[in-house]
Amino acid sequence: MVVVVAAVTLAVIGGGESDVLPEAAPEHTVDQLPLTRPVDRADIDALRLPLAPRGYRMAEVDDVLDRLGAELAERDARIAELEAALAGARAEASGRPPAAGEAPGEERGQ
């Protein structure tokens, strides 16, 4: 029993000639989303979230979803802004204000 305890103690403390094993780095997203440009479809297709002992790491998934949600909201706002500007330009060109609820580029009576 004493020999087993001594062997385990030496193995834990590192009583051999080999160096102590370095701490294992926690898994993180390998294919992170780009920070210098908007996310595109290929980035999402290449994204692989790391597994944790009980599934995915919630913090990693939350970070990715927050980033995607923010970018989608930003794009939606920009699209709405551009559609409103287009409707205004078309209305100005035709000499009439756009009707409420009229889609950009949609003429009345068509």
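Helix α3 covers residues 58–94, 37 residues in total. At 1.5 Å a residue it should span 54 Å, and its end C-alpha atoms lie 53 Å apart, which agrees. The expected span is 1.5 Å times one less than the number of residues. The model is a predicted one: local features need pLDDT of at least 70, side-chain atom pairs count only at pLDDT 80 or more, and totals for chains, interfaces and linings use all residues. Residues are numbered from 1 along each chain as its sequence is written, and side-chain values use heavy atoms, with hydrogens and water left out.

The protein has three helices and two strands. From the N terminus the order is α-α-β-β-α. Helices (H or I, at least four residues) and strands (E, at least two) are DSSP runs, numbered from the N terminus. Of the 110 residues, 12% are buried. Buried means under 20% relative accessible area, exposed over 50%, and partly exposed in between (1.4 Å probe, protein chains only). The protein exposes about 9200 Å². Carbon and sulfur atoms supply 61% of that area. Accessible areas come from the Shrake-Rupley method with a 1.4 Å probe; for residues, only the protein chains shown count as cover. Among contacts (heavy atoms within 4.5 Å) with a separation of 6 or more, 33% join residues 24 or more positions apart.

The buried residues of α3 are E60, V64, E71, A87 and A91. After the helix comes G95, with a positive phi near 80°.

E71 sits in α3. Its relative accessible area is 14%, so E71 counts as buried. Neighbours within four places in sequence aside, E71 is in contact with R37, P38 and V39.

Four salt bridges were counted. A salt bridge is a side-chain nitrogen of Lys or Arg within 4 Å of a carboxyl oxygen of Asp or Glu. Two of them involve E71: one with R67, at 2.7 Å between the closest N and O atoms, and one with R75, at 3.7 Å. E71 and R75 are four residues apart in α3, about one turn of the helix. Shared partners join R67, E71 and R75 into one network. E71 and R67 are also four residues apart in α3, and are therefore separated by about one helical turn. An α-helix has 3.6 residues a turn, so residues three or four places apart point the same way. R67 is partly exposed at 21% relative accessibility, and R75 is partly exposed at 36%.

Another salt bridge pairs D43 with R37, at 2.8 Å from N to O. D43 is buried at 14% relative accessibility. R37 is partly exposed at 38%.
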